[in-house]
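Walk through this structure from single side chains to the contact between chains. Keep the sequence and the coordinates open as you read.

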2 protein chains.
Amino acid sequence: MSDYVPIAEDGAVLLDGEHDNYGGFIIEPSSLPPHPSVFRGSLRSSISQWKSELKKGIWLKLPIENAELVPIAVKEGFVYHHAEQEYLMLTLWIHESVCTLPANASHQVGIGALVLNIENELLVVQENTGRTKGSGTWKMPTGVVLQGEDIKDAAIREVKEETGVDTEFIEVFGVRQAHGAAFGKSDLFFICLLRPLSLEIVFPKDEIEAAQWMPFDDYRSQDFNTNSELLTRVADIVTAASEGKYTGFGPEWLCSGLHRRGAYFYHNTRDINNYLEDKRSSL
Amino acid sequence: MSDYVPIAEDGAVLLDGEHDNYGGFIIEPSSLPPHPSVFRGSLRSSISQWKSELKKGIWLKLPIENAELVPIAVKEGFVYHHAEQEYLMLTLWIHESVCTLPANASHQVGIGALVLNIENELLVVQENTGRTKGSGTWKMPTGVVLQGEDIKDAAIREVKEETGVDTEFIEVFGVRQAHGAAFGKSDLFFICLLRPLSLEIVFPKDEIEAAQWMPFDDYRSQDFNTNSELLTRVADIVTAASEGKYTGFGPEWLCSGLHRRGAYFYHNTRDINNYLEDKRSSL
């Protein structure tokens with residue numbers, strides 16, 4: 001952003017902003033004329049200017065305080081890209097080539113938490129909402145991974161919230177990818193194994209009808225499980241893992257890139273650690 | 001939706017819609033009065049009505065054709081929830097309890113594709129955009145998983161688009177979860193192993209600078225890889241897997257739920273198949 005205020009030939013003040021690395025332009029929200037008719041004039045002149053510069057995609061982020069500018073931008077050809085509570089992002093593709101603007105977030109992410117105690121009892125709940133409400137079905141705790149939250153932390157948090165039990169994250173047993181979830185998005189469901197660090201159960205009565213430690217064989221023989229190929233496979237995995245015959249993906253914190261940013265990489269840590277150890281000891 | 005048109009005490013036509021299972025109300029977009037001042041009256045009367053019914057969350061989906069209604073809804077207290085090109089979803093929480101409306105999609109999903117031929121050469125590309133542009137760095141093909149697209153299909157599609165090579169999906173080697181990606185969303189990056197079904201390379205010159213089969217050791221010794229703990233770990237995994245000493249998550253199509261909906265479940269299929277086979281043969 002500069003202090004220089006560019007003026008179009010027709011006298012309208014052009015919208016300020018930044019050129020991006022993809023031939024596009026990102027309008028600076030603080031530069032928006034709040035008055036609708038002034039905004040309309042600036043936007044029209046700016047579009048002419050961007051077209052003459054052969055710009056491709058234009059990004060317009062309208063804070064919710066500027067909601068009255070939305071219909072004006074739409075009339076000039078902008079479409080919606082994504083929105084958060086406090087703003088709406090609109091885009092305009094003004095180039096003759098095919099639009100290559102990136103899509104908005106495509107996936108919701110959830111976790112299912114398998115918590116087994118040393119007596120082979122599974123930590124299960126009956127939910128107060130959703131499809132199994134009132135059916136007496138005992139399920140593993142499940143929940144949504146928040147934006148910015150690590151999968152492993154989400155699993156620990158959901159178990160704590162729904163049952164009061166403290167846990168340690170062990171590994172991801174598997175990931176199901178389904179389509180057509182809320183608002184048409186796709187859904188990734190990480191089924192995780194956790195180890196209990198406490199046993200006492202306390203649950204929030206508005207969300208959870210009941211919670212208990214349940215013998216694993218009683219859990220798996222419920223219709224809800226036997227009617228599901230997915231849950232049948234998961235039950236097999238639990239049994240195999242308890243005999244040391246199944247390995248999932250464990251988290252490892254790894255850095256990469258110029259900025260040495262860290263992130264969890266979930267992979268078969270048992271296999272790779274065994275491999276690297278064998279290699280070292282054979283040297 | 002019914003043919004019955006409810007009228008408020010002040011004469012305004014109440015907005016039509018459906019009650020949801022969470023104490024909320026979903027306004028029917030086709031019932032919206034297109035004229036702003038009529039909409040304002042209907043919305044105000046409807047909000048009074050919903051409050052008297054102790055409703056919690058109100059969902060308002062405004063098609064982009066009704067953009068002029070956005071500022072009116074915002075003035076009445078609605079906030080943005082999410083948007084797609086052709087509509088904006090707004091919500092209003094009118095209950096005294098804490099807002100429990102679900103968040104919008106939280107994650108972008110990407111794939112990295114490791115394609116090794118029988119001479120232990122990796123299929124690599126130099127990109128025309130992004131951070132490594134012009135640096136001469138050879139990378140595995142990467143790309144975004146589209147909404148509604150299976151991870152395994154996205155990997156096959158990206159390899160085909162960037163190199164022209166046909167592949168068969170084998171398994172997921174690991175998943176990295178990072179935060180603060182585009183528009184503040186989180187990012188899941190699935191690193192996948194694929195087997196080539198063809199060898200000839202053809203690439204689109206606007207997106208890809210160059211593509212080739214590269215001896216794996218030359219690939220892994222690039223600074224871009226040795227400076228990254230993540231890519232170093234991935235290179236170890238490739239080597240271990242080529243000696244049969246690493247197992248990732250393979251896809252299995254499984255049905256579940258009342259509607260027998262199918263989805264891919266990525267898990268350690270080798271471990272679980274071995275386990276189930278041993279169990280069968282021991283009977």
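Buried means under 20% relative accessible area, exposed means over 50%, and partly exposed lies in between, with a 1.4 Å probe and protein chains only. This is a predicted model, where local features need pLDDT of at least 70, side-chain atom pairs count only at pLDDT 80 or more, and totals for chains, interfaces and linings use all residues. Residues are numbered from 1 along each chain as its sequence is written, chains are lettered from A and ligands numbered from 1 in the order in which they are written, and side-chain values use heavy atoms, with hydrogens and water left out.

Start with B:Glu149. It is buried, because its relative accessible area is 12%. Its side chain forms a salt bridge with B:Arg157, at 2.6 Å from N to O. A salt bridge here is a side-chain nitrogen of Lys or Arg within 4 Å of a carboxyl oxygen of Asp or Glu. Over all chains, this rule gives 28 salt bridges.

Now turn to chain A. A:Glu149, A:Arg157, A:Glu158 and A:Glu161 are linked in a salt-bridge network. Within it, A:Glu161 meets A:Arg157 at 3.3 Å, N to O. The two are four residues apart in helix α3 (residues 151-163) of chain A, so about one helical turn separates them. Helices (H or I, at least four residues) and strands (E, at least two) are DSSP runs, numbered from the N terminus. A:Glu161 counts as partly exposed because its relative accessibility is 38%. A:Arg157 is also partly exposed, with a relative accessible area of 21%.

Helix α6 (residues 229-242) of chain A holds another pair, A:Asp236 and A:Arg233; they sit three residues apart, so about one helical turn lies between them. Their side chains form a salt bridge of 3.5 Å, N to O. Buried or exposed: which describes A:Asp236 and A:Arg233? Both are buried.

Next, the strands. In strand β6 (residues 107-115) of chain A, nine of nine residues are buried. Both faces are covered. One side carries A:His107, A:Val109, A:Ile111, A:Ala113 and A:Val115. The other carries A:Gln108, A:Gly110, A:Gly112 and A:Leu114.

β6(A) pairs with other strands of chain A. Two strands pair if DSSP finds at least two bridges between them. Nine bridges join β6(A) to strand β10 (residues 186-196) of chain A, and the two run parallel. There, A:Val109 has A:Leu188 as its bridge partner. With strand β8 (residues 142-144) of chain A, β6(A) pairs in the antiparallel sense over three bridges. A:Gly110 is bridged to A:Val144 in β8(A).

Strand pairing also crosses between chains. Strand β13 (residues 261-267) of chain A and strand β9 (residues 167-178) of chain B run antiparallel, joined by four bridges. A:His267 has B:Gly174 as its bridge partner.

How many residues of chain B are in contact with chain A? There are 85, in contact with 85 residues of chain A (contact means heavy atoms within 4.5 Å). The size of an interface is often given as the accessible area lost when the parts come together. Here the two chains bury about 7400 Å² between them, 60% of it on carbon and sulfur atoms. Buried area is the accessible area (1.4 Å probe) that two parts lose on being put together, summed over both.

Four salt bridges cross this interface. One is formed by A:Lys185 and B:Glu84, whose closest N and O atoms are 2.7 Å apart. On the side of chain B that touches chain A, helix α6 (residues 229-242) of chain B gives the most, with eight residues.
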